[in-house]
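Thanks for coming. Please have the sequence and the model open while I talk.

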Amino acid sequence: MLFGPGGAGKGTIADRLVSEVPDLWLSRSWTTRQRRPDEPEDAYVFVDRQEFESAIDAGVFFESAEFLGNLYGTPVTVPPAGSDVLLEIDLQGAQQVRRLRPDAVLILLKPPSPAVQEERLRARGDAESHIVRRLEEGAEEERMGIEIADAVVVNHDVTQATAQVAGIVERYRSAAH
Ligand code: 5GP
């Protein structure tokens with residue numbers, strides 16, 4: 001499972017991982033956030049708050065969290081046989097997963113520096129108020145993230161960071177067999 005602050009590059013690395021690592025299945029989350037103009041329609045299951053709350057009551061989610069005023073959740077799903085599930089979530093989600101599935105492998109992805117993180121958030125057109133809050137919360141999230149992470153990867157370069165995460169997945173897989 002990949003977690004870390006916005007602007008760390010989780011989405012890009014998650015997409016690369018599923019295309020490069022065999023038997024890895026990316027879970028699609030639900031959110032009440034508006035779709036960004038450049039975002040694919042299937043980036044999330046986009047729903048309104050009422051639908052999301054009904055889904056919580058109906059037990060649809062494995063974990064859910066509120067992040068900057070929007071709800072996000074990982075649905076309980078069964079991956080194809082023989083596949084591992086890849087989650088790409090925030091710190092609160094990672095904390096819930098740690099409690100619910102102590103055997104999950106939690107990889108904290110860090111941006112190389114706050115300046116690069118800020119650049120990435122701006123480049124994808126996040127609202128200014130969100131950028132400021134994400135950067136402020138970033139340091140505390142990182143401290144708490146390090147406590148629960150099995151591994152920490154710094155995303156200086158997407159290809160290298162993807163290879164590092166793939167190596168960690170490989171190591172845990174061989175240890176489990
Ligand atoms: P964004 O709005 O930038 O797509 O995502 C905001 C944050 O929510 C990111 O840190 C992202 O990883 C996280 N996130 C996405 N899906 C989920 C989910 O299902 N559960 C939780 N807890 N966080 C999620």
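In what order do the four strands of the open sheet with mixed pairing stand? The order is β4-β3-β6-β5. Before I go on, some ground rules. This is a predicted model, in which local features need pLDDT of at least 70 and side-chain atom pairs count only at pLDDT 80 or more, while totals for chains, interfaces and linings use all residues. Residues are numbered from 1 along each chain as its sequence is written, and side-chain values use heavy atoms, with hydrogens and water left out.

Now the terms. Helices (H or I, at least four residues) and strands (E, at least two) are DSSP runs, numbered from the N terminus. Two strands pair if DSSP finds at least two bridges between them. In general, strands of a sheet pair through backbone hydrogen bonds, either parallel or antiparallel.

β5 runs antiparallel to β6 (residues 70–75), and six bridges join them. Within that pair, Phe61 has Pro75 as its bridge partner, and Ala65 stands opposite Tyr72. The hairpin of β5 and β6 has two residues between the strands, and there Leu68 takes a positive phi near 45°.

Four bridges link β9 (residues 107–110) to β10 in the parallel sense; across them, Leu108 is the bridge partner of Val152.

A ligand oxygen atom lies 3.1 Å from a polar backbone atom of Gly73, and an oxygen atom of the ligand is 3.2 Å from a side-chain N or O atom of Arg134. The ligand taken alone exposes 510 Å², and the protein buries 96% of that; these areas come from the Shrake-Rupley method with a 1.4 Å probe.

Last, the whole chain. It has six helices and ten strands, and its C-alpha atoms fill a box of roughly 45 × 40 × 30 Å along the principal axes.

Methods
A polar contact is a pair of N or O atoms within 3.5 Å; within protein, one must be able to donate a hydrogen and the other to accept it, and residues adjacent in sequence count only if both atoms are side-chain atoms.
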